[in-house]
Amino acid sequence: MNIAMRKLALLEKNLIQREETARLEGYMTSPADSAFREQITKLMDRVREL
């Protein structure tokens, strides 16, 4: 479980960094799929509640 939480956290952090980098470079669209990002966010929220 701990490894899965760490992987999810790293994945979420990576997605946030990629979106920030793309925004700073002037891109208007997100490099990550929004549905995938939402799933990761929901999973991390559920993990944080425990």
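The part I would like to go through is helix H2, residues 34–49.

Analyst: Happy to. This is a predicted model, so local features need pLDDT of at least 70 and side-chain atom pairs count only at pLDDT 80 or more, while totals for chains, interfaces and linings use all residues. Residues are numbered from 1 along each chain as its sequence is written, and side-chain values use heavy atoms, with hydrogens and water left out.

First, the setting. The protein has 2 helices and 0 strands; helices (H or I, at least four residues) and strands (E, at least two) are DSSP runs, numbered from the N terminus. Its C-alpha trace spans about 35 × 15 × 15 Å along the principal axes. Of its 50 residues, 16% count as buried, where buried means under 20% relative accessible area, exposed over 50% and partly exposed in between, with a 1.4 Å probe and protein chains only.

Now to H2. Its 16 residues reach 23 Å from the first C-alpha to the last, close to the 22 Å expected at 1.5 Å a residue; the expected span is 1.5 Å times one less than the number of residues. Ile40, Met44 and Val47 are the buried residues here. Viewed down the axis of H2, they fall within an arc of 60 degrees, so they line one face of the helix; the arc is that of the directions from the helix axis to the C-beta atoms. Turned away from that buried side is a face with the exposed residues Gln39, Lys42, Arg46 and Glu49. Asp45, also in H2, counts as partly exposed at 36% relative accessibility.

What covers the buried residues of H2 includes helix H1 (2–24), and H2 in turn is included in what covers the buried residues of H1. In H1, those are Leu8, Glu12, Leu15 and Ala22. The end C-alpha atoms of H1 are 33 Å apart, which agrees with the 33 Å that its 23 residues should span.

How do the two helices meet? Their axes come within 10 Å and cross at roughly 135 degrees; axes are lines fitted to C-alpha atoms, for helices over the stretch in contact, and angles run from 0 to 180 degrees between N-to-C directions. H1 and H2 are therefore oblique to each other, since angles under 35 degrees count as roughly parallel, over 145 as roughly antiparallel, 65 to 115 as roughly perpendicular and the rest as oblique.

Glu12 is buried, with a relative accessible area of 10%. Leaving aside residues up to four places away in sequence, Glu12 touches Arg37, Ile40, Thr41, Met44 and Arg48.

Conventions. Contact means heavy atoms within 4.5 Å.
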